[in-house]
Amino acid sequence: MAAVIEDYALLGDLQTAALVGRDGSIDWLCLPRFDSPACFAALLHNEEAGRWLLAPASGGPAAHRRYRGDSLILESRWRTAEGEVRVVDCMPLRGEAADVVRMVEGLSGHVTMRMELRLRLDYGHLAPWVRRDEPDLAAVAGPDALWLHTPVETHGEDLTTVAEFTVRAGQRIPFVLTHSPSHLPRPQPVDAEKALADTEAFWTSWMSRCRYEGRWPQAVRRSLVLLKALTYAPTGGVLAAATTSLPEKIGGVRNWDYRYCWLRDAAFTLQALLGTGYVEEAAAWREWLLRAVAGDPGKLQIMYAVDGARRLPEHSLDWLSGYENSAPVRIGNAAADQFQLDVWGAALDTLHLARDTGLTPHDTAWDLQRRLLDHLESRWQEPDSGLWEVRGRPRHFVHSKVMAWVAADRAVDTVRRHGLTGPVDRWRALRDRIHTEVCAKGYDTERNTFTQFYGSRGLDAALLLLPRVGFLPWHDSRIHGTVDAVARELCEDGLLLRYRPGSDGGVDALPGTEGAFLACTFWLADALHGIGRRAEAHALFEHLLTLRNDVGLLSEQYDPQARRQLGNTPQAFSLVGLVNTARFLSGAPTKTARPGADQRPPTELTHPRPNRR
Ligand SMILES: OC[C@H]1O[C@H](O[C@H]2O[C@H](CO)[C@@H](O)[C@H](O)[C@H]2O)[C@H](O)[C@@H](O)[C@@H]1O
């Protein structure tokens, strides 16, 4: 059985990622790309679906784990009756092939170790043909070939490669697993010691570019490393998370594939990276976006594969029982075909922010912005599926309309401040029309709150973003009313749901419930800070920090009753929430509002709180 979600640490080489449990087992690895079929899928079934265990034979979880410095090199340490041992895991940056390097270091005594390599290609479906390729072991199945390189003697047991060996104090014993397409010649195995040194040097140098100077620096730096690990280096695409189908409720059906590039999630990630000095990543994403959208901006999708491919058909893998029996396990994502209005605003906002942050101007980018806006102008009055990608009928979601306002607003601002050309009067009129309509139809005067969609009784955590994007200032009484209402109606044990799935007769058309949404809870901390309730904001943020696992990972959601993480992991939305809230609470202005807009929080409460009903 897989471990609890917070037991997993991430390894990655900026093209794919692996999850390692505290027990020393790699239970998730897709090769060669984040969204390729997994060769270890025990995470979504059990060890029969493939895993790679390397740990003391006596078993049990590592007593202590940490990443080495600011790197993605994981060190897991066990104390056993025989002595102490450390396993150091990493994925070196991609050279000729993909590698996983595992170094066993004897710290004291003589520790008996056990290795079990159970490769199961195609998401646990296929046991490869394994043979000796002296001095190594080669495994082949269809398009994939893998080699295990180690000085330790191995043998086969029950379609598994097994080794039992002893490590003495001072000894270092390497294991290297290398993947390559099966039709190519065997790649050179990497030298494990050099790979570790190079990987550490890469991450140290990457972190030296960090310009974050606010509070909670360790939590922010770790989140930035994890966000970087979710970018696909060859194209600049940014992933939502490293996994598929970790459930939003244990035993439930809300299990989705997040190994793709959502424009919305990427926009949030880029805002966090740009705000902490990582301009190169923003430049790479802009190029990715321009390529992905090239052709017809009217055919903009809300998500793409890491290489910009558009077809992501959703289907279930019925041979996998699912994480703790949470079925189905899905790959692909049907939300790719949805109309989500906010995505136009998110893309335009990020391109605007990139220009403001000093990213070299790009003629094609402005051309794309104009064409996206033209398209949006013709569609903003249509109902959509909203940022939560509801699978119920399309609605006039307030957050979606506000993001349409953002698109028009940023275009007007670009002309005004950057001297680019466009029909600015028309855009200004569009911006004002959207604003007027949202305030008239999306705001409930009786309850003093904006609502989830026009005429809805339900609320939505995304309404907390209205002042952040500059739609209304923090001191507006409608914003105070909305923050109060959202906190009152969507909080569970101090954490925020994104909406109540049962509201308005079941807005998302999915059965069951889900956990508290971590990104939304970070937005609540921002909102409390923004309206001047700073002590509450800080307390909430500190509480959120305690929900990270021992090595800083956050998944998408949290179950406050069971006190455990839920949903895909590590999730960019949650990590971005952490970075952006740390910045905001440390005194930075909000990320996306245009310069000059009233975005600084008041030093104290300037408006009376609205009456509670
Ligand atoms: O709630 C149903 C939807 O859930 C997933 O979407 C969520 O994840 C996305 C990636 O992080 C995020 O952009 C979106 O805001 C979230 O609601 C799932 O991917 C969808 O297929 C599903 O309809």
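At what angle do the axes of helix H3 (residues 217-229) and helix H13 (residues 572-585) cross? In this predicted model, the two axes cross at roughly 145° and come within 9 Å. The crossing of H3 and H13 is left-handed. On the H3 side, the contact is formed by Ala-219, Val-220, Ser-223, Leu-224, Leu-226 and Leu-227, while H13 contributes Ala-572, Leu-575, Val-576, Leu-578, Val-579 and Ala-582. Eleven of these contact residues are nonpolar and one is polar, with no charged residue taking part.

The UniProt record, an unreviewed entry, assigns the feature "domain: GH15-like" to residues 218-582. Over this span the chain is 44% helix and 8% strand, and the C-alpha atoms at its ends are separated by 11 Å.

A further helix pair is formed by H6 (residues 342-356) and H7 (residues 363-379), which pack with their axes 10 Å apart and at an angle of about 155°. Since angles over 145 degrees count as roughly antiparallel, H6 and H7 are therefore roughly antiparallel to each other. Their crossing is left-handed. Residues Trp-344, Ala-347, Leu-348 and Leu-351 of H6 meet Ala-365, Gln-369, Leu-372, Leu-373 and Leu-376 of H7. The contact of H6 with H7 comprises eight nonpolar residues and one polar residue, and no charged residue is present.

Strand pairing was examined next. An open sheet is built from three strands in the order E26-E27-E28, with antiparallel pairing. Three bridges join strand E27 (residues 557-559) to E28 in the antiparallel sense. Within this pairing, Tyr-558 has Gln-565 of E28 as its bridge partner.

Residues 2-171 are 2% helix and 54% strand, whereas the corresponding values for residues 218-582 are 44% and 8%. The end C-alpha atoms of the span 2-171 lie 30 Å apart.

Methods:
Residues are numbered from 1 along each chain as its sequence is written. This is a predicted model: local features need pLDDT of at least 70, side-chain atom pairs count only at pLDDT 80 or more; totals for chains, interfaces and linings use all residues. Axes are lines fitted to C-alpha atoms, for helices over the stretch in contact, and angles run from 0 to 180 degrees between N-to-C directions. Helices (H or I, at least four residues) and strands (E, at least two) are DSSP runs, numbered from the N terminus. A crossing is left-handed if the near helix is turned anticlockwise from the far one by less than a right angle, and right-handed if clockwise. Two residues are in contact if their C-beta atoms, placed from the backbone, lie within 7 Å. Ala, Val, Leu, Ile, Met, Phe, Trp, Tyr, Cys and Pro count as nonpolar, Asp, Glu, Lys and Arg as charged, and the others, Gly among them, as polar. UniProt positions are given in the numbering used here, feature names are shortened, and annotations may be inferred rather than shown by experiment. Angles under 35 degrees count as roughly parallel, over 145 as roughly antiparallel, 65 to 115 as roughly perpendicular and the rest as oblique. Two strands pair if DSSP finds at least two bridges between them.
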